[in-house]
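Please keep the sequence and the structure in view while reading.

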Amino acid sequence: MAPSLGPARILLRIAFRNLFAGRAKTLIIGAILLLGTALVVAGSSLVESVDRGMRSSIQGSLAGHLQVYDDRSKDELALYGGMGREPQLEPVVDFSRVKEVLSRVPHVKRVVPMGIDQAMVATGNQIDVALEKVRADVRRIEAGERDDALLRHYQAHKDHVRRMVTLLRDELRAARALADDQLLQDRKQAGEDLARAAAPAFWDGFERDRLGSLEFLENRVAPQGMEGGMTIVRYVGTDLDAFLEAFDRAYVVEGQRVPKGRRGILLGKWYAEEYLKLKTARRLDKIKDARDFQRRTIAGDEEVARWVKENTTQVKEILYQLDPIQAEEAAARLRRALPSEERDLPKLLVQLLSTTDQDFDRKYAIFYDRLAPLLQLYSIRVGDTITIKAPARSGYFNAVNVKVYGFVHFRGLEKSRLAGVMSLLDLMSWRDLYGYLSPEQTEEIRHLKQVAGAQAVPRERAEAELFGGGGAAVESQRASRIDEAAVLARIARPAKAEDLSARVYSQREIDRGVVLNAALILDDPSRIAETARAVDRAQRAAGLHLKVVDWQKASGVVGQSVSLFRIVLYTAVLIIFAVALVIINNAMVMATLQRVREIGTLRAIGAQRRFVTGMLLVETMAVSLFFGALGAALGALAVWLIRAAGGIPAGNDQLYFFFSGPALLPTLGTTSVAISMGIVLLVSVLSGFYPAIIAMRVTPVEAMAADD
Amino acid sequence: MSAIVSVENVTKTYHLGKTEVPALRGVSLEIHAGEFLAVAGPSGSGKTTLLNLIGCVDTPTAGVVRVDGKDTSALSERALTDLRLRRIGFIFQSFNLVPVLSVFQNVEFPLLLQGGLTRGERQRRVGELLQAVGLSGHARHRPSELSGGQRQRVAVARALVGRPRLVLADEPTANLDSTTGATIIDLMRDMNQRDQTTFLFSTHDQKVMAHAHAVVRIADGQLQARETLQAAS
């Protein structure tokens, strides 16, 4: 038989006409395929977009493209935190070697040293702040200044301190009524100090010994106001200049960069908002955010209403900050702005903070424009020097003082906890906190020990050797301790703490020393896998004992969540298409069985088997392609509509990170369309297969059967 | 006159589970070009089996069936199909038109399978045949829009369109009333006379039988006799 288009044409004609003839069947099969394809297209576009968002979030904020860390580490690297604690990594003793070796690997653009940890930080103390003001006044008075404004402020500042002390004493008394004997014993000295500071006699005698009185307040009373003044800060110790250059998402939002080679910290802006900001202001921000971005209302949302209520009941925090002069000014401003006839500041504050959906925006503006300039909104300010205390690996607490140069934000991740909680600390301070020493320092100490005839004690056991174990007591001490390791470490250090902040470290000093891990930035992000292998070969050749992981692996649980999304999506897709397969197969088998006579006739008349099977396959594939394409279009439309509607809003901090911004703007992935069409075709061929076999087995004899 | 079909001592046995059902038991028959032959017999006598064997839709258990000189047992499935396509036309008891195709397309169908003709040639040939069967005005109708007699006339046209040497009709009038049945048989005979196409049809209806040139009677899988009838005009 000569090849001819005739059979093909008639085949298509019969196939398509059959589709229209069996409309119900075609529509049912079509609907299933339509939904399936739409889901695949929209779903995988979403997952791809999340993947892309996360990729840029993770790569651009902390991970880079690859990470290396010591392959003898107990835990795996988890840049965004592991399960409830920081992973334990074996230190990389000399970063400069790593940098030297890995920089030479093709496509590696930058090698950024890192060490991530969390530690306690004192968030400042209202009494300290108030005392600082008094001390400044005293300094001027002692210097002979006597103008009225100064004296008036001096009196106000003293009154402020006195009021705080009185409040503290009252709190302690209230606690005493509830406490047991042991606590009373422990707090005996504190109680006596407070009683003395709150007594009129102390303030009457203040002027006779201004400096002595101040010292008493600073050393004995202020520490008692510390309760709740500690918070945890999570930071990455790094070469700050290299970090800010390598991670384009990080930018200084307030203050400035830490000058090159200096010690200093850039606090995470998100962290500052969440943990360091005046709670009243923070709650106002949250209410505003809920109203503006989450379409919640004070009237209609319990949580938002609770924030408003908390703001009205907790004005004490604001009052506590204001000295009498400031308090008077604040009251005057509020009376004008609200406006109100009220004389009493606490009541004015309640008026200001008891907001409704109608007046919230106006009162929010009043708070920030009129009241906030009188307040210290953040417990740590740019320019402050803070003390960070971290447990070193030995179990000691090391403490360093670092200057806060500014706040750092991660672009696109402004509201994300995962990125925003991170602060950036200079590498030298980080090393001090860990008790890690530079190779030179290690060498020097070894030398000193030899000279002193000291016994070699593993660092982990040093404490036990020295004190006979138990580190808990150390933590409760606030004053700097003296311990041998620290002293030994300080011997190697040329300068005192005050001088350290001014010291400029050379790049060599920064590089030569301990890190925990390092981020690699590539010049071509599409070559991650290939470069990872090259890096691994290079580190192996140099004997560096490094483990090379990609950004996704390095980000721990966070990085794996995209894989999880994908698994969930594809499982759903798999189920849908498996169901589709069964249903389509079933429908086609039924349809084929109903057409046995017709098929037999075609065969009798002279149609070959392949004509018949071809006809059935064309039927299923035509349905699949048509409805598959329609479904893909529907999925694309869904993606487009989501974009047009402004994307999927990130309802919480985690989503904000996954979406790499306030909303997920999905883009249609060409691969997702291709994949879905591929799946649809596969399903149609598979489901058309069995009916086609049935059709092939139909003999022309079937055509002869009589009607019954 | 050479035999277009020769059946030599053919047996055909069907298997129904473990029991063997003999449908044909040693049948011999020769059909010559231009014949208009009826196979008559009660149902279950083996008429349909005989037609299936001659129509190359089935092969004998023993014996030889030659169609157009070819031993059907020796042909592959594909070759048999091709033989049916080019040499044999079929008319079925239940008409068996393709429901989704129009009258014209149903008739044109074998030509498309055969290939080789231009669109114009196909149109002319289908048109002529539709005129011959009296359905020129119904070319665009679907089978479901036609009466039983009209459908069978479409089937006759379809059977003849490929210019077969042999047309097989298995009980072509069984689903029609007797008047319509008679006109179908007359139509078939007209075609037989017009083109000298050989016709073999089965029936159990005496009145239909009377229109044939000759009748072979079959009972219990065996041919009884071959009678030449004078009834033909």
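## Confidence of the model

The term pLDDT denotes the predictor's confidence in each residue, on a scale from 0 to 100. This is a predicted model, in which local features need pLDDT of at least 70 and side-chain atom pairs count only at pLDDT 80 or more, while totals for chains, interfaces and linings use all residues. Residues are numbered from 1 along each chain as its sequence is written, and chains are lettered from A and ligands numbered from 1 in the order in which they are written.

Chain B has a mean pLDDT of 89, with 98% of its residues at 70 or more. Helices and strands are DSSP runs numbered from the N terminus (helices: H or I, at least four residues; strands: E, at least two). For chain A, the mean pLDDT is 81, and 87% of its residues reach 70 or more. Two residues are in contact if their C-beta atoms, placed from the backbone, lie within 7 Å. Residues 469-482 of chain A stay under 50 in pLDDT, and the model gives this stretch ten contacts beyond four places in sequence. The pLDDT is also below 50 over residues 490-497 of chain A, a stretch with seven contacts beyond near neighbours in sequence. For the complex, the predictor gives an ipTM of 0.92 and a pTM of 0.65.

## The two chains

Chain A contains 33 helices and twelve strands, whereas chain B contains seven helices and ten strands. A residue is buried if 20 or more other C-beta atoms lie within 10 Å of its own, exposed if 12 or fewer, and partly exposed in between, with C-beta atoms placed from the backbone. By this criterion, 37% of the 708 residues in chain A are buried, and 48% of the 233 residues of chain B.

Strand S3 (residues 36-40) of chain B is largely enclosed by the rest of the structure, because five of its five residues are buried. Phe36(B), Ala38(B) and Ala40(B) point one way from S3(B), and Leu37(B) and Val39(B) the other way. S3(B) pairs in the parallel sense with strand S8 (residues 198-203) of chain B over five bridges, and Leu37(B) has Leu200(B) as its bridge partner there. S3(B) also runs parallel to S9(B), to which four bridges join it; Ala40(B) is the bridge partner of Arg217(B) in S9(B). Strand S9 (residues 214-219) and S10 of chain B pair in the antiparallel sense over six bridges, and Ile218(B) stands opposite Leu223(B) in S10(B).

## Where the chains meet

The contact between the chains takes 27 residues from chain A and 26 residues from chain B. On the chain B side, helix H1 (47-54), helix H2 (77-87) and helix H3 (103-114) each supply at least two residues, and H2(B) gives the most, with five. This side has twelve nonpolar, nine polar and five charged residues. Ala, Val, Leu, Ile, Met, Phe, Trp, Tyr, Cys and Pro count as nonpolar, Asp, Glu, Lys and Arg as charged, and the others, Gly among them, as polar.

Leu101(B) lies in the loop between S6 and H3 of chain B. Leu101(B) counts as partly exposed because it has 18 C-beta neighbours inside 10 Å. Leaving aside neighbours within four places in sequence, Leu101(B) is in contact with Ile14(A), Arg17(A), Asn106(B) and Phe109(B).

How values were computed. Pairing = 2+ DSSP bridges.
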